[in-house]
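User: I'm new to this one. Could you take a close look at its aromatic rings for me, and what sits around them?

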Amino acid sequence: MTMQDNLPTLRWGIIGTGLVASWFVSDIILSRPDAKARHIIKAVGSSMVVKGIEVVEKNCPEQRTKVYGNYYEVYDDPEVDIVYIATPHALHKKNCIDAIQRGKNVLCEKPLAINKAEAQVLVDLAKAKNVFLMEGVWTRYTPLVARLKELIHVEHIIGEVSRVFVDFGLDMNLQDLPSDSRLKSPELGKIILDTGLGLESTQPSIAASQSVVDGMDYISSVILTYPGKTPRQGILTCSLCYKTAPEFMRIEGSHGSILVSGQAASYPDTIVVRHKDESKRDESLSFSHVGFGFYYEADAAALDILNGRKNNSLLPLDETLFMLNLMDNVRAIGGLVYPQDG
Ligand SMILES: NC(=O)C1=CN([C@@H]2O[C@H](COP(=O)(O)OP(=O)(O)OC[C@H]3O[C@@H](n4cnc5c(N)ncnc54)[C@H](OP(=O)(O)O)[C@@H]3O)[C@@H](O)[C@H]2O)C=CC1
Ligand SMILES: O=C1OC[C@@H](O)[C@H](O)[C@H]1O
């Protein structure tokens with residue numbers, strides 16, 4: 001008997017067996033005290049059965065997972081409640097369509113699609129088929145992000161926010177990656193879609209610049225200026241040439257600032273609040289949990305599906321569309337055109 005045994009259960013079918021799929025599979029089955037749902041890896045679909053077997057043996061050997069040498073058998077498996085899509089960006093549209101058309105709920109890794117037009121097709125199809133669809137941005141569901149939002153929007157601990165700086169840099173050594181790596185392929189890669197971030201859903205004006213070499217957007221810098229009576233800007237940068245320093249995010253407000261840090265921009269673990277008032281001491285909050293924390297996102301999807309919701313309130317599909325539209329605009333300024341842009 002584990003801590004999860006009395007919880008509602010969601011049965012997952014996994015599409016693709018790469019890096020993030022292995023993280024996700026090993027993570028969502030972890031035993032943890034704050035679990036809201038129990039997750040079962042019912043099936044894994046891969047281009048090669050041997051790859052599926054390897055992922056299962058390594059990450060969920062006790063789950064009695066079925067392994068298929070294609071994706072379609074996962075979509076058609078009646079024991080699968082939700083499909084998790086972990087293929088390269090350019091395949092998300094097709095994989096989502098295939099799953100949704102067969103009536104499956106879908107959690108698709110970010111970005112949901114290459115551009116807003118593709119994502120709109122998926123949103124419309126999910127609505128027509130009455131299935132749940134969600135873009136996988138797992139850090140949004142972590143206790144750290146929940147606390148950060150509370151500090152800013154409920155407690156107003158730094159007052160009126162004026163600027164946000166965020167950098168997501170990875171040192172990917174692209175020149176040393178094998179030629180078939182998704183990150184080296186202009187067809188599959190799309191760096192800004194890997195590491196780009198959206199801030200809030202008021203329409204900002206956009207200034208942007210991208211360093212595109214051989215069709216790959218190695219570095220992007222974006223300045224978002226929000227309209228209104230108070231000055232507000234978001235300065236967002238991403239790169240595959242250099243790993244971001246631990247303090248990857250700074251939020252400045254009228255009463256102080258907040259610094260967010262972690263071993264990588266994708267693994268935040270600490271919030272520091274600095275007050276302008278020098279009589280107040282800095283406050284540091286640390287967040288730790290088992291594994292990566294993909295299970296927070298998986299729990300959110302489970303509760304939505306079990307309660308009949310078709311969309312997730314922390315990342316509604318309108319916001320996914322908003323963010324992809326923002327990326328489309330950044331690329332239009334940066335001169336980066338994808339074949340899918342039409
Ligand atoms: N949320 C997060 O923290 C992260 C999200 N991601 C997102 O997840 C997606 C996958 O990324 P990642 O796991 O790093 O990618 P990988 O390249 O490691 O894995 C992708 C998998 O997709 C399948 N695939 C199907 N067709 C192709 C193809 N033509 N070329 C390559 N692979 C193919 C393969 O599995 P098989 O052969 O078994 O079918 C492959 O193992 C991306 O969209 C990325 O943005 C990535 C990392 C972290
Ligand atoms: O979101 C991400 O975080 C970790 C990286 O390795 C990955 O490429 C990126 O998609």
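Analyst: Let's begin with a term: a charge sits over a ring if NZ of Lys or CZ of Arg is within 6 Å of the ring centre and within 35 degrees of the ring normal. That's the case for R331, which lies over the face of Y338, 3.9 Å from the ring centre.

A quick word on the source: this is a predicted model, where local features need pLDDT of at least 70 and side-chain atom pairs count only at pLDDT 80 or more, while totals for chains, interfaces and linings use all residues. Residues are numbered from 1 along each chain as its sequence is written, and side-chain values use heavy atoms, leaving out hydrogens and water.

Now for rings meeting rings. Searching the whole structure turns up twelve aromatic pairs (rings of Phe, Tyr and Trp, taking the six-membered ring of Trp, with centres within 6.5 Å; planes under 30 degrees apart are stacked, over 60 edge-to-face, the rest tilted). Take Y72 and Y75: their ring centres are 5.8 Å apart and their planes stand at 90°, so this pair is edge-to-face. Both belong to helix α3, residues 72-76, and being three residues apart puts about one helical turn between them (helices are DSSP runs of H or I, at least four residues, numbered from the N terminus). Y75 is buried, at 1% relative accessible area, whereas Y72, at 37%, is partly exposed (buried is under 20%, exposed over 50%, partly exposed in between, using a 1.4 Å probe and protein chains only).

There's also an aromatic cluster, made up of W12, W23, F24, Y84, W138, Y267, F292 and F294. F294 is among the buried residues of helix α8.

Key: Chains are lettered from A and ligands numbered from 1 in the order in which they are written. Helices (H or I, at least four residues) and strands (E, at least two) are DSSP runs, numbered from the N terminus.
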